[in-house]
Amino acid sequence: MDLLPKLPLADWIDSIVDWLKNAEWFFSAITGAIRLLVDANEFLLSLLPSWLFILLLTVVAYFVTKRKWGLAIFIFLGLFLIDNLGFWQDMLLTLSLVLTSAIISVIFGIPLGIWMAKNKVVESIFKPILDFMQTMPAFVYLIPAVVFFGIGMVPGVVASVIFAMPPTVRLTNLGIRQVSTELVEAADAFGSTPAQKLFKVQLPMAKTTIMAGVNQSIMLALSMVVIASMIGAMGLGTKVYYAVGRNDAGGGFEAGIAIVILAIILDRLTQSFNRQKGTTH
């Protein structure tokens, strides 16, 4: 194996990174836009006192699940426990980071998935890129995020978007491709334009699959936001990170329980919204 010299892959990557640093204006613009979105989400989530936030979300869960009490009771007790443990503001900050990452993932992921469904060449190009994005260890994304965006919430969101976007792209592509060819042919027979066919036939029929991808992106964004506490993304992940550094098992368990509760709430709510839309369609 020593007959061939080692490829200078690390040097090539460093050269690309150094070259990209020349576009500082571009990364500054992205940083400002993401910080604005995070601050807006945090501001909106903080408008209500904790008790009112808990009650409203409990009522929403009750009606979304068709007047079933299971999820509503879990949300009430889970959020009450988070507030009681003193993690309310950290939870809101984590939630704002997750929502920001999910919004960006959806904004870019769904159009990319539609493009892949419409063009086989685009699909063949992006499939290995999505494989790379999903299989690369999550910690590796922190390095370029810090290099280009510094320390704080913004690099955490960027890393979360890269890590979380592939499910939305893949399942959007899959959902549109699984739409019945008979329905598409019927739309063509009635003289539908490509835009009408997409928005009135393909996207409504693929809605359940697309929402499943959004759900997975939200879950991955939450896991990445917790990891991003290592580079200054504040929230519940920071509490876990500090507990590890201090060997504080109790504190780490409390913060971990808060993260689990938030994950379950996000997962069940998005699934319930998906089922409700699917049944009312």
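This is a predicted model: local features need pLDDT of at least 70, side-chain atom pairs count only at pLDDT 80 or more; totals for chains, interfaces and linings use all residues.
Figure 1. Since D90 belongs to helix α5 and K239 to helix α12, the pair ties together parts that are 149 residues apart in sequence. K239 itself is partly exposed, at 34% relative accessible area.

**Figure 2. Helix α5 meets helix α12.** Helix α5 covers residues 88-118 and helix α12 covers residues 236-246; they pack at an angle of about 115 degrees, with axes 7 Å apart. On the α5 side, the contact is made by D90, M91 and T94, while α12 brings L236, G237 and K239. Sort those residues by class and you get two nonpolar, two polar and two charged.

Figure 3. What is the gap between the closest N and O atoms of R177 and E123? They are 3.0 Å apart. R177 lies in helix α8 and E123 in helix α6, so this bridge ties together parts that are 54 residues apart in sequence. E123 is buried, at 13% relative accessible area, whereas R177 is partly exposed at 35%. K127 joins in too: salt bridges that share partners link E123, K127 and R177 into one network.

**Figure 4. L130, tucked away in helix α6.** Stay with helix α6, which runs over residues 120-135, and look for L130. Is L130 buried or exposed? With 1% relative accessibility, L130 counts as buried. Leaving out neighbours within four places in sequence, its contacts are M116, P166, V169 and R170. I162 is 32 residues away from L130 in sequence, and their C-alpha atoms are 9.4 Å apart in space.

**Figure 5. T172, a buried residue of helix α8.** T172 is part of helix α8, and at 0% relative accessibility it counts as buried. Which residues does T172 touch, if you skip those up to four places away in sequence? They are I110, G113, I114 and I210.

**Figure 6. Helix α10 and the helices around its buried residues.** Helix α10 has twelve residues (194-205) and reaches 15 Å from its first C-alpha to its last, close to the 16 Å expected. Its buried residues are K197, L198, V201, Q202, L203 and P204. Which helices do the buried residues of α10 pack against? The answer is α5, α8, α9 and α11.

Figure 7. A pair of aromatic rings is described by the distance of the centres and the angle of the planes. The count here comes to ten aromatic pairs. Take Y62 and W69: their ring centres are 4.4 Å apart and their planes sit at 35 degrees, so the pair is tilted. Y62 is buried at 17% relative accessibility, but W69 is exposed at 52%. Y241 and Y242 also make a tilted pair, with ring centres 6.4 Å apart and planes at 35 degrees. Y241 is partly exposed at 41%, and Y242 is partly exposed at 42%. Elsewhere, ring pairs link W25, F26, F27, F148 and F149 into a cluster.

How values were computed: Residues are numbered from 1 along each chain as its sequence is written. Side-chain values use heavy atoms; hydrogens and water are left out. Helices (H or I, at least four residues) and strands (E, at least two) are DSSP runs, numbered from the N terminus. Buried means under 20% relative accessible area, exposed over 50%, partly exposed in between (1.4 Å probe, protein chains only). Contact means heavy atoms within 4.5 Å. Rings of Phe, Tyr and Trp (its six-membered ring) pair if their centres lie within 6.5 Å; planes under 30 degrees apart count as stacked, over 60 as edge-to-face and the rest as tilted. Axes are lines fitted to C-alpha atoms, for helices over the stretch in contact, and angles run from 0 to 180 degrees between N-to-C directions. Ala, Val, Leu, Ile, Met, Phe, Trp, Tyr, Cys and Pro count as nonpolar, Asp, Glu, Lys and Arg as charged, and the others, Gly among them, as polar. The expected span of a helix is 1.5 Å times one less than its number of residues. A salt bridge is a side-chain nitrogen of Lys or Arg within 4 Å of a carboxyl oxygen of Asp or Glu.
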